[in-house]
Amino acid sequence: MNKEQQELRKKSPVQIKNKRAAFDYFFVDEFTAGIVLTGTEIKSIRAGKASLVDTYCVVINGEMWVKGMNISPYFYGSYANHEAKRDRKLLLTKREIRQLADADKQPGYTIVPTLVFIDDNGRAKVDIALCRGKKEYDKRQTLKEKEDRREMDRAIKRF
């Protein structure tokens with residue numbers, strides 16, 4: 001991901017993150033995908049009413065799908081409101097899907113959504129990552145590094 005893409009994500013009014021993914025996995029490769037939404041789902045995302053807890057991606061018949069993503073029903077919606085935890089299709093190129101499908105077949109690898117944001121054109125986008133699971137000692141190391149960074153920041157602010 002280059003600096004321009006990172007700046008666009010920082011400017012986005014909506015950023016729904018999967019914080020647990022960074023703790024549980026090493027990110028090997030990252031992709032940005034569009035997401036197919038129906039009805040009032042985009043309004044709920046713009047209101048920040050979505051969650052990436054326990055979500056994962058899977059390739060079915062050459063298409064990428066996100067499973068377990070929760071987008072709460074829109075408060076002002078009527079009888080045409082959407083289902084909260086349905087499977088949603090992700091929009092990637094065939095080459096990217098093939099690359100992810102091949103890597104996902106290897107043991108220890110999975111595909112996890114890490115961020116949902118709104119781009120400059122008002123479309124919902126999902127950052128997904130090809131991940132390798134961390135062992136228990138890797139997680140302890142991550143916590144130690146995080147604590148060390150906090151200590152250094154505190155020391156810098158004192159001076």
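R86 sits in the loop that runs between strand 6 (70-71) and strand 7 (88-91); helices here are DSSP runs of H or I with at least four residues, strands are runs of E with at least two, and both are numbered from the N terminus. This is a predicted model, in which local features need pLDDT of at least 70, side-chain atom pairs count only at pLDDT 80 or more, and totals for chains, interfaces and linings use all residues. Residues are numbered from 1 along each chain as its sequence is written, and side-chain values use heavy atoms, with hydrogens and water left out.

What does the side chain of R86 make a polar contact with? Its partner is the side chain of T38, at 3.5 Å. (A polar contact is a pair of N or O atoms within 3.5 Å; within protein, one must be able to donate a hydrogen and the other to accept it, and residues adjacent in sequence count only if both atoms are side-chain atoms.) Leaving out residues up to four places away in sequence, R86 touches V36, L37, T38, E41, V66 and M69, where contact means heavy atoms within 4.5 Å.

Now for the core. The largest nonpolar core holds 25 residues, and I45, M64, L90, L92, L100 and I128 have the most contacts inside it. Strand 9 (124-133) is among the elements that give two or more residues to this core, and strand 9 gives the most, with four. Such a core is a set of buried Ala, Val, Leu, Ile, Met, Phe, Trp, Tyr and Cys residues joined through side-chain atoms within 4.5 Å, buried being under 20% relative accessible area with a 1.4 Å probe, protein chains only. I45 touches V14, I16, L37, A50, I71, V116, I118 and A124, again not counting residues up to four places away in sequence.

On to the pockets. On a 1 Å grid over the protein atoms alone, a pocket is an open set of points where a 1.4 Å probe fits, with protein on both sides within 12 Å along at least five of seven lines, and lining residues have an atom within 4 Å of a point. A volume is the space filled by probe spheres set on the points.

| Pocket | Volume | Lining by class |
|---|---|---|
| Largest | About 250 Å³ | four nonpolar, two polar, four charged residues |

Ala, Val, Leu, Ile, Met, Phe, Trp, Tyr, Cys and Pro count as nonpolar, Asp, Glu, Lys and Arg as charged, and the others, Gly among them, as polar. Of the ten residues lining the largest pocket, K17, A22, F27, T114 and L115 lie nearest its centre. The second largest pocket is lined by K19, A22, F23, K134, T142, L143, K146 and R149, and helix 5 gives the most to that lining, with four residues.

Terms used. Buried < 20%, exposed > 50% of the residue type's maximum accessible area, 1.4 Å probe, protein only.
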